[in-house]
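Notes below, in the order I went.

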Amino acid sequence: MSGEDYAAVKLVNVWKEYRRGEPVLRGVDLEVKVGSFISIRGKSGAGKSTLLRIIGLLDQPTSGRVILLGRDGSELDDEEASRLRLKRIGFVFQFFNLMPSLTVLENIELPMAMAGADKAFREKRAMELLDRFGMRRLADKLPSQLSGGEQQRVAVLRALANEPDILLADEPTASLDEENAELLLDLFTEINEEYLVTIILTTVSMEEKLPTHRDYILRNGRLYQA
Ligand SMILES: Nc1ncnc2c1ncn2[C@@H]1O[C@H](COP(=O)(O)OP(=O)(O)O)[C@@H](O)[C@H]1O
Ligand SMILES: [Mg+2]
């Protein structure tokens with residue numbers, strides 16, 4: 001279903017300046033269609049994480065508009081913003097961020113628990129996700145018993161737990177070897193095609209081959225189509 005008449009993400013003239021210093025973002029415009037898979041490439045310090053945090057309503061721009069799934073970020077109060085973030089946006093970071101004391105299954109259940117889903121529902125959905133992506137055998141393991149590649153794929157499933165519309169992945173391949181980076185990108189492609197989740201991924205690499213529909217470069221605080 002991509003018949004919505006709004007974009008998944010729309011940024012209009014977004015600026016960001018931290019307390020002291022030069023602006024990090026200097027007028028970013030971006031429109032990401034529902035169901036598309038895009039990348040943002042940029043050097044370390046270019047502002048990729050800043051931009052993703054702003055898109056994900058974890059931070060606010062100094063000026064400019066952020067419109068997510070047709071809703072203007074500046075018109076949401078804190079509670080509405082957290083709700084939107086929890087239910088409709090999934091995050092994946094460079095360092096997998098799994099809870100070390102929880103099993104894989106429990107890690108995937110966590111966002112559902114935060115959204116108030118009951119245990120039986122959480123277990124069923126987490127198991128379905130693991131099954132669907134061929135990771136069932138990992139269910140009862142602890143993160144420390146997994147390879148980095150496996151941990152990152154589990155982190156992606158956890159981000160899918162609440163059936164988000166948008167997946168934001170900040171340098172998700174940066175800590176992986178080439179083979180695991182490819183497996184992860186394959187997983188993103190499947191998720192994008194099967195669930196029509198809109199995906200925005202960042203990378204520092206200018207060369208890395210990506211299965212994206214469109215690529216942008218963030219440089220000097222502005223976004224250019226690659
Ligand atoms: N919370 C913050 N406070 C002050 N400066 C920050 C903060 N977060 C990031 N910066 C600065 O903003 C710039 C962009 O950082 P970041 O968005 O993390 O870039 P990237 O993710 O592309 O490496 C850097 O110069 C960084 O030092
Ligand atoms: Mg970053």
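I started with H3 and H5, where H3 passes H5 in a right-handed crossing. (Handedness: a crossing is left-handed if the near helix is turned anticlockwise from the far one by less than a right angle, right-handed if clockwise.) The axes of H3 and H5 come within 7 Å and cross at roughly 35 degrees. I take axes as lines fitted to C-alpha atoms, for helices over the stretch in contact, with angles from 0 to 180 degrees between N-to-C directions. Helices are DSSP runs (H or I, at least four residues), numbered from the N terminus. H3 puts Val-104, Asn-107, Ile-108 and Pro-111 into this contact, and H5 answers with Val-154, Leu-157 and Arg-158; contact means heavy atoms within 4.5 Å. I sorted the residues of the H3 and H5 contact into 5 nonpolar, 1 polar and 1 charged. (Ala, Val, Leu, Ile, Met, Phe, Trp, Tyr, Cys and Pro count as nonpolar, Asp, Glu, Lys and Arg as charged, the others, Gly among them, as polar.)

A note on what I'm reading: this is a predicted model, where local features need pLDDT of at least 70 and side-chain atom pairs count only at pLDDT 80 or more, while totals for chains, interfaces and linings use all residues. Residues are numbered from 1 along each chain as its sequence is written, chains are lettered from A and ligands numbered from 1 in the order in which they are written, and side-chain values use heavy atoms, leaving out hydrogens and water.

Next I checked H3 (residues 104-114) against H4 (residues 119-132): their axes are 9 Å apart and the angle is about 125 degrees. That makes H3 oblique to H4 (under 35 degrees is roughly parallel, over 145 roughly antiparallel, 65 to 115 roughly perpendicular, the rest oblique). H3 passes H4 in a right-handed crossing too. By class I get 10 nonpolar, no polar and 5 charged residues in the contact of H3 with H4.

Then H5 (residues 148-160) and H6 (residues 178-195), whose axes come within 9 Å and cross at roughly 20 degrees. So H5 is roughly parallel to H6. Their contact includes Gly-149 and Leu-160 of H5, and Leu-183 and Phe-188 of H6.

Last, what surrounds ligand 1? I found Tyr-18, Val-24, Arg-53 and the stretch Lys-43, Ser-44, Gly-45, Ala-46, Gly-47, Lys-48, Ser-49 and Thr-50, each with a heavy atom within 4 Å. For polar contacts (pairs of N or O atoms within 3.5 Å), a side-chain N or O atom of Lys-48 is 2.7 Å from a ligand 1 oxygen. Ser-49 has a polar side-chain atom 2.9 Å from an oxygen of ligand 1.

How values were computed
Helix = DSSP H or I, 4+ residues; strand = E, 2+ residues; numbered from the N terminus. Polar contact = N/O pair within 3.5 Å; in protein donor to acceptor, adjacent residues only side chain to side chain.
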